[in-house]
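Student: I have a structure open and I would like to learn how to read it. Could you walk me through it with me?

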Amino acid sequence: MFCLLLSLIGALLVSMPGALAGQYVELGSIPADYAAFSSVHHNSNPDLYDLSLSTFNPTPLSTDVVYVIRDIGGQLASRGANNLEKEILVDGLLWPNEVEPVPEDVFGKDMYWWVANGFLVPTKQAGSVGLIEAHQDTSADPAPYHDLTSGSTSENWWYHRVYFVDVDGDGRKDILTARADTSDMSNVLAEMVYFKQPSRNAITSQWAVEPLFEGPDALFRYEELEMSSSVTRHAIFSCQYFAEKLVVSWSDASGSTGPDFKNMESRVIEAITDYRYFDAEIVDINGDGNLDLLVSINSMTNGQVVVYEMPDDWATGTWTRHLIAEGFKPHGRIVTEGMGSPGTTFTFRPNLKESASNKPQIMLTGDDDSTIYVFEAESDSNSNNWSYTQTAIFEAESGTVGAPSVRDVDGDDYVEVFVPAYSDGSLHVLTYTP
């Protein structure tokens with residue numbers, strides 16, 4: 001998603017069944033200018049789902065919108081995918097990126113979504129993290145929005161992802177996030193920080209920022225892993241795009257001793273010149289009962305999807321690398337600095353009826369190669385087999401595709417896939433059929 005401002009051409013769906021056990025069929029699409037990050041969330045009714053869609057216009061001095069499609073499953077059933085009604089959830093933002101629900105235990109209520117804002121585009125570098133009162137009726141007016149961070153930081157930091165974690169041990173969950181300042185591209189600043197939750201009026205007050213360590217810039221993963229019956233490891237896996245490093249940082253907590261986020265141990269898992277580590281997920285990818293690290297590596301010439309097996313000893317052990325796929329590059333005759341492929345990646349199970357499946361499928365956005373891919377393990381039962389079939393389920397003529405989301409929103413046990421076609425200015429809906 002670092003290159004969405006470089007390609008503005010339409011999209012064309014390509015159906016490529018055969019490689020997968022089932023196929024992905026397009027149900028339709030709706031116009032959505034600059035569609036970027038999509039995500040599916042529970043509605044205020046826990047049996048229903050809403051879809052959020054962030055958009056960002058590369059034109060300087062413009063502002064941006066996050067849309068919501070209420071009861072996406074119900075609308076698909078009653079209106080069809082070509083007639084979905086989207087509402088403005090919040091407007092006036094500067095380059096909104098990911099949007100996700102705030103866990104209920106943060107404020108004691110399930111009503112807020114967080115949004116991380118800002119990017120390196122001129123006039124949109126003033127990033128922030130804010131809260132949206134997402135369950136408000138937005139049929140007539142946007143939802144109330146609360147900027148939590150811009151008053152306590154310089155104007156050039158921008159943000160992509162957030163976790164709510166009690167970083168300082170005071171019993172209140174803080175905002176854990178990575179950020180970057182690219183106002184000087186010859187000296188990019190990047191760091192992991194937390195914004196401390198105030199003891200009073202947390203929704204309407206500014207949260208003070210505390211830097212933790214340098215390096216992380218955009219997409220990272222935070223995990224709490226049970227290492228034993230008495231030890232919990234608090235880990236941050238950072239894909240350092242600008243530094244071209246994949247790094248894990250961690251602190252163990254046991255008994256009454258909590259994690260120390262300001263003095264974390266750290267290990268560079270991999271650092272290869274021109275490999276822009278992009279996104280990651282911690283998941284048991286090969287069905288052996290152990291967690292692995294799934295990573296997408298963005299490149300202008302040879303992007304990759306890889307998996308690292310975690311060693312018992314993170315500090316000195318070998319993070320065994322398995323190449324899932326390579327050869328990704330931007331789609332187009334002219335490739336300029338800042339373009340690359342692939343983008344975000346995550347695992348999912350398309351057929352919820354097949355609970356016996358050992359290995360999940362992998363979804364990958366090609367970013368500037370205009371394509372959405374699905375990878376399926378060639379052997380579901382052999383944990384030592386790392387071979388996958390690769391299928392393009394959506395392909396644009398050229399330009400950039402955004403971050404897709406996957407969820408069974410209609411209750412038939414088969415997932416729907418929501419694809420933001422940024423350059424095409426549309427949101428596409430696909431469904432899995434076995």
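Student: Which residue in S19 is the bridge partner of Glu281?

Tutor: Leu294 is the bridge partner of Glu281 in S19. Strands of a sheet pair through backbone hydrogen bonds, either parallel or antiparallel. Two strands count as paired if DSSP finds at least two bridges between them. Strands (E, at least two residues) and helices (H or I, at least four) are DSSP runs, numbered from the N terminus. Here, S18 and S19 (residues 292-298) pair in the antiparallel sense over 7 bridges.

A word on what you are looking at: this is a predicted model, in which local features need pLDDT of at least 70, side-chain atom pairs count only at pLDDT 80 or more, and totals for chains, interfaces and linings use all residues. Residues are numbered from 1 along each chain as its sequence is written, and side-chain values use heavy atoms, with hydrogens and water left out.

Student: What is the order of the strands in the open sheet that holds S18 and S19?

Tutor: The order is S18-S19-S20-S21, with antiparallel pairing. At the edges are S18 (276-283) and S21 (320-328), each pairing on one side only. From one strand to the next, the twist averages 15°; axes are lines fitted to C-alpha atoms, for helices over the stretch in contact, and angles run from 0 to 180 degrees between N-to-C directions.

Student: Which residues touch the most other members of the largest nonpolar core?

Tutor: A nonpolar core is a set of buried Ala, Val, Leu, Ile, Met, Phe, Trp, Tyr and Cys residues joined through side-chain atoms within 4.5 Å. Buried means under 20% relative accessible area, exposed over 50%, and partly exposed in between (1.4 Å probe, protein chains only). In the largest core, of 21 residues, those touching the most other members are Val102, Phe107, Leu131, Phe164, Ile175 and Trp207. S10 gives the most to this core, with 4 residues. A second, separate core has 20 residues, among them Leu225 and Phe237.

Student: How do I read a pocket, and what is the volume of the largest pocket?

Tutor: Rolling a probe the size of a water molecule over the atoms shows where empty space is left. The largest pocket has a volume of about 940 Å³. Its lining comprises 38 residues, and those nearest the centre are Ser39, Glu98, Glu100, Arg221 and Arg407. S2 gives the most to that lining, with 6 residues.

On a 1 Å grid over the protein atoms alone, a pocket is an open set of points where a 1.4 Å probe fits, with protein on both sides within 12 Å along at least five of seven lines, and lining residues have an atom within 4 Å of a point. Grid points are joined across faces, edges and corners, and a volume is the space filled by probe spheres set on the points.

Student: Is Ser370 buried or exposed?

Tutor: Ser370 is buried, with a relative accessible area of 0%. Its phi is near 75°, a positive value in a residue other than glycine.
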